[in-house]
Amino acid sequence: MVQLKDTPKQKRPVDITVNERWCKKCGICAAFCPQGVFVLDDFGMPIIKYPEKCVKCMLCVVRCPELAVEVKDTDEKKGK
């Protein structure tokens, strides 16, 4: 009998964007992100500092009152 080792799923890179025109700089995206992907600049604008940590939980997208945050697989952006 052959036992298979558990291999971690390969993470697909994501493309996270914040629409600066719609963002009201409330900080909710940064507050709800369990991985700390966002940091806020001196003016409260969310900066995507650690996109590689994103687990695509979509809390930033769901909680944003202005619908200014978008999370996509990089393959989706290319049209695949």
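Modeller: Ground rules. The model is predicted, so local features need pLDDT of at least 70 and side-chain atom pairs count only at pLDDT 80 or more, while totals for chains, interfaces and linings use all residues. Residues are numbered from 1 along each chain as its sequence is written, and side-chain values use heavy atoms, with hydrogens and water left out.

Biologist: What makes the secondary structure, and in which order do the elements run?

Modeller: Helices (H or I, at least four residues) and strands (E, at least two) are DSSP runs, numbered from the N terminus. The protein has three helices and four strands. The order is β-α-β-β-α-β-α.

Biologist: Why is the contact between Glu66 and Lys24 called a salt bridge?

Modeller: The term asks for a side-chain nitrogen of Lys or Arg within 4 Å of a carboxyl oxygen of Asp or Glu. Glu66 and Lys24 come to 3.8 Å, N to O. That is within the cut-off, so the label holds.

Biologist: What does the pair link?

Modeller: Distant parts of the chain, 42 residues apart. Glu66 sits in the loop between helix H2 (59-63) and strand S4 (69-73). Lys24 sits in the loop between strand S1 (14-18) and helix H1 (28-32).

Biologist: How many salt bridges does the structure hold?

Modeller: Three. Among them, Lys56 meets Asp73 at 3.0 Å, N to O. Lys56 lies in the loop between strand S3 (46-48) and H2, and Asp73 in strand S4, so the pair ties together parts 17 residues apart in sequence. Glu70 and Lys72 also form a salt bridge, at 3.4 Å, N to O.

Biologist: Is Asp73 called buried or exposed, and why?

Modeller: Buried means under 20% relative accessible area, exposed over 50%, partly exposed in between (1.4 Å probe, protein chains only). Asp73 has 12%, so Asp73 is buried.

Biologist: And what makes Lys56 partly exposed?

Modeller: Its relative accessibility is 32%. That falls in between, so the label is partly exposed. Lys24, at 49%, is partly exposed as well.

Biologist: How do you know that S1 and S4 pair?

Modeller: Two strands pair if DSSP finds at least two bridges between them. S1 and S4 have five, in the antiparallel sense, so they pair. Val14 stands opposite Asp73 in S4.

Biologist: What makes S1 mostly covered?

Modeller: Four of its five residues are buried. Across the protein, buried residues make up 25% of the 80 residues.
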